[in-house]
Amino acid sequence: MTAGYVTVRTDDRELFGLISVWLTDEGYTVSLTDSPRRGELCLFDTECPGAENLSEVEAEDVIFIGEGDFSESLPDGKFLPRPFTRAELLRLVTDAADKKDAVFTLDTERRRLWCGKISISLSEKECRVMEALIRRRGAAVTKDELYAVAGSERNEGGSATNASEVYICMLRRKIADVFGKNPISTVRGVGYIFRD
């Protein structure tokens, strides 16, 4: 199943409800936004207040929805004319969210791991572990380093628990489920390495 994160900029509750149902059925997480952020895939309703100046919206991350013909001033495939079908919506969102050759990035403030225009939410400790791996992208990070980053407690004997392995396992599962690939490799006897 396809999965990802999509924001919608609209004041039309009926339009948001329709988009939300159709995309949620496909595994996407959908939310309303007041202003699209760079990196987020946003469906932008040209009928909502504040849409007068479309040139100020970062078009590479936005699919515009509206009546009329704005398509001449927008990049190819970035306009969804009303009325539209479920298939048309899904085709544009899937094309825009194409993640095959995208690079992983981490938004530590919002605790989201991005690959292209798709993201997943991370817990605080998952985010810390992922930050350590991405910061040293291509180089091994030891289990002790990951253990320290996660801020896990030691057991009664003072030795480290398997916390780093647990977080790596959870991250691998989340990443594979959404992005269809696993950039975290095990370095036997050392730790883990992050490779795009």
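**Reasoning about strand pairing, burial and helix packing**

Q: What makes β4 and strand β5 (residues 79–81) count as paired?
A: β4 and β5 are joined by three bridges in the parallel sense. Two strands pair if at least two bridges are found between them, so three bridges meet the criterion. One of the contacts in this pairing links phenylalanine 64 to its bridge partner in β5, phenylalanine 79. The model in which these values were computed is a predicted one.

Q: How do you know that strand β3 (residues 41–45) and β4 pair?
A: Four bridges in the parallel sense connect β3 with β4, and because at least two are required, the two strands count as paired. Here phenylalanine 44 has phenylalanine 64 of β4 as its bridge partner.

Q: Why is strand β4 (residues 62–66) called mostly covered?
A: Buried means under 20% relative accessible area, and five of the five residues of β4 are buried, so the strand is described as mostly covered. Val62, Phe64 and Gly66 point one way from β4, whereas Ile63 and Ile65 point the other way, and all are buried. In a regular strand the side chains alternate between the two faces of the sheet.

Q: Why is leucine 32 called partly exposed?
A: Its relative accessibility is 37%. Buried would require under 20% and exposed over 50%, so leucine 32 falls in between and counts as partly exposed. Leucine 32 lies in strand β2 (residues 28–32) and touches Val8, Thr10, Arg13 and Phe16, not counting residues up to four places away in sequence. The C-alpha atoms of leucine 32 and threonine 10 are separated by 7.4 Å, although the two residues are 22 residues apart along the chain.

Q: Why do β9 (141–142) and β10 (184–187) stand at the edges of their sheet?
A: The open sheet has three strands in the order β9-β11-β10, with antiparallel pairing. β9 and β10 each have a single partner strand, so one side of each is left without a neighbour in the sheet. Helix α5 (residues 163–179) packs on this sheet, touching β10 and β11.

Q: What makes helix α4 (residues 143–150) roughly perpendicular to α5?
A: The two helices pack at an angle of about 85°, with their axes 8 Å apart. Angles of 65 to 115 degrees count as roughly perpendicular, so α4 is roughly perpendicular to α5. The residues of this contact divide into six nonpolar, one polar and two charged. Among them, Lys143 and Leu146 are in α4, and Glu165 and Tyr167 are in α5.

Terms used. Residues are numbered from 1 along each chain as its sequence is written. This is a predicted model: local features need pLDDT of at least 70, side-chain atom pairs count only at pLDDT 80 or more; totals for chains, interfaces and linings use all residues. Side-chain values use heavy atoms; hydrogens and water are left out. Buried means under 20% relative accessible area, exposed over 50%, partly exposed in between (1.4 Å probe, protein chains only). Contact means heavy atoms within 4.5 Å. Axes are lines fitted to C-alpha atoms, for helices over the stretch in contact, and angles run from 0 to 180 degrees between N-to-C directions. Angles under 35 degrees count as roughly parallel, over 145 as roughly antiparallel, 65 to 115 as roughly perpendicular and the rest as oblique. Ala, Val, Leu, Ile, Met, Phe, Trp, Tyr, Cys and Pro count as nonpolar, Asp, Glu, Lys and Arg as charged, and the others, Gly among them, as polar.
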